[in-house]
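This briefing concerns the strands, helices and charged pairs of a single structure. Please consult the sequence and the model shown below while reading.

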Amino acid sequence: MSSLSKTSFQEMTFLDEMIDQVIILDKSRNVCCANKSAFTRFGNDIDGKNISLILRDANLLESIDIAINTKKTQIVDIEIKLPNFEFFKANIIPGPSKLCNQDQSVMIFLKDLTEIYKTQKFKSDFVANVSHELRTPLQSIKLGLETINDGHASKDFEVQKQFLPIMLQQTERMESLINDLLSLSKIELQEHIRPTSEVDLKEIINHVIDLNLELIKKKKIKLESNIADNVYKMFGDRSRLIEIFTNLINNAYKYSEANTIIKISLINKKDIFLFSIKDQGVGIPKKYLPRITERFFRVDPARSKDGGGTGLGLAIVKHIVNQHRATMDIISTDGEGTEFTIEFPKI
């Protein structure tokens, strides 16, 4: 800093206060100056490096050359895919810089729009997914109605009876999807609001087990519950916690075969209540584990839909877990079963 003039010092101080990354290049496209935000983002060793080693983007490099040659400001979008996705809006301003003591230099202002870009893409993908999920059952219902109304089954009561259960099933599927979408939308809006009501975790889990016991027995699956007599008081939303355990139990028996075991436990530890549900089902391939709580993600789409799944259950679980300031872990081996564990904080 001592070699800078008073004006340059003030200019550098101003740039250091900016949230955006500012990088100044000499005519060879080497970094001769950068603000604190740029050093924090790209590393303290960027000084003197060629910009192509810092931001590998062909559009950026081309725009820098254009700015230098035409002496006109260029604006370009930069999309970095590796090692992590990043999206910037870059303003490339040519001209002399006192900070670099050069007559020909380029100042690059980088505005990080990664989160905005991801949000917009997420919304677009979400609408596309919902449209796709609703289109299939609607087509089945429409086909059935057309066949009954003016098709070959218009006067054939026996054929009509064959179509009605299919149409009813598809209607129920759409109803489940809409209910899950409404639930997910509501919990996302309230995720930042931590519940303040006192609930008994043991009572809630036993309640959900009782509700699902007949379905589990019907599939000839054995359920083992290991919840010791203890006090399991915590702050929580009872209806939302019921959603968590209902989704996890449904998920366990949906992907388990007959004559297997589902084990449920609740342990009172020092600072947490540790809940676990472990099945002996089909398991989840390791490569899919990071995506298992994404909306509409299914490891086996056909099996999930046959079982009435909407692809939203585990996404709902994740957001409710977050709302309760709990943490969830998933351990699974393809073909050997899956275990979900949740650590709930005590009061």
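Two strands are taken to pair if DSSP finds at least two bridges between them. On that basis, strand 9 and strand 10 run antiparallel and are joined by 6 bridges. Helices (H or I, at least four residues) and strands (E, at least two) are DSSP runs, numbered from the N terminus. The model is predicted: local features need pLDDT of at least 70, side-chain atom pairs count only at pLDDT 80 or more, and totals for chains, interfaces and linings use all residues. Residues are numbered from 1 along each chain as its sequence is written, and side-chain values use heavy atoms, with hydrogens and water left out.

- Strands of a sheet pair through backbone hydrogen bonds, either parallel or antiparallel.
- An open sheet of 5 strands shows mixed pairing and the order 7-9-10-12-11.
- Strand 7 (222-227) and strand 11 (327-333) each have a single partner strand and stand at the edges, so one side of each is left without a neighbour in the sheet.
- On average, neighbouring strands of this sheet are turned by 10° against each other, direction ignored; axes are lines fitted to C-alpha atoms, for helices over the stretch in contact, and angles run from 0 to 180 degrees between N-to-C directions.
- Strand 7 pairs with strand 9 in the parallel sense over 6 bridges, and Ser225 stands opposite Ile264 in strand 9.
- A hairpin through 3 residues joins strand 9 to strand 10, with Ser265 opposite Ser276 in strand 10.
- Strand 11 and strand 12 (residues 337-345) run antiparallel, joined by 7 bridges; Ile331 is placed opposite Glu339 in strand 12.

**Helices**

- Helix 7 (residues 201-218) lies across strand 7, strand 9 (261-268), strand 10 (272-278) and strand 12, and runs at about 170° to strand 7; contact means heavy atoms within 4.5 Å.
- Helix 10 (residues 313-323) lies across strand 11 and strand 12, at about 145° to strand 11.
- Helix 8 (residues 238-254) has 17 residues and reaches 24 Å from its first C-alpha to its last, close to the 24 Å expected at 1.5 Å a residue; the expected span is 1.5 Å times one less than the number of residues.
- Among the buried residues of helix 8 are Leu241, Ile242, Phe245 and Leu248, as well as Arg240 and Asn251; buried means under 20% relative accessible area, exposed over 50%, and partly exposed in between (1.4 Å probe, protein chains only).

- In strand 1 (residues 21-25), 5 of the 5 residues are buried, so strand 1 is largely enclosed by the rest of the structure.
- Both faces of strand 1 are covered, with Gln21, Ile23 and Leu25 buried on one side and Val22 and Ile24 buried on the other.
- Strand 1 pairs with strand 2 (residues 31-34) in the antiparallel sense over 3 bridges, and Leu25 stands opposite Val31 in strand 2.
- The two strands form a hairpin with 5 residues between them; Arg29, in the loop between strand 1 and strand 2, has a phi near 70°, a positive value in a residue other than glycine.

- Lys71 is found in the loop between helix 4 (58-70) and strand 3 (74-80), and is exposed, with a relative accessible area of 64%.

**Salt bridges**

- Side chains of opposite charge can pair when their charged atoms come close.
- The structure holds 12 salt bridges, each defined as a side-chain nitrogen of Lys or Arg within 4 Å of a carboxyl oxygen of Asp or Glu.
- Lys111 and Asp20 meet in one of them (3.3 Å, N to O). The pair links distant parts of the chain, 91 residues apart: Lys111 in strand 5 (residues 102-112) and Asp20 in the loop between helix 1 (6-16) and strand 1.
- Lys111 counts as partly exposed at 40% relative accessibility, whereas Asp20 is buried at 18%.
- Asp112 forms a salt bridge with Arg41, the closest N and O atoms being 2.8 Å apart. Asp112 lies in strand 5 and Arg41 in helix 2 (residues 36-42), so the pair ties together parts that are 71 residues apart in sequence.
- Asp112 is partly exposed at 34% relative accessible area, and Arg41 is partly exposed at 31%.
- Arg41, Glu86 and Asp112 are linked in a network of salt bridges.
- Glu224 forms a salt bridge with Lys222, with the closest N and O atoms 3.7 Å apart; Glu224 is partly exposed, with a relative accessible area of 30%.
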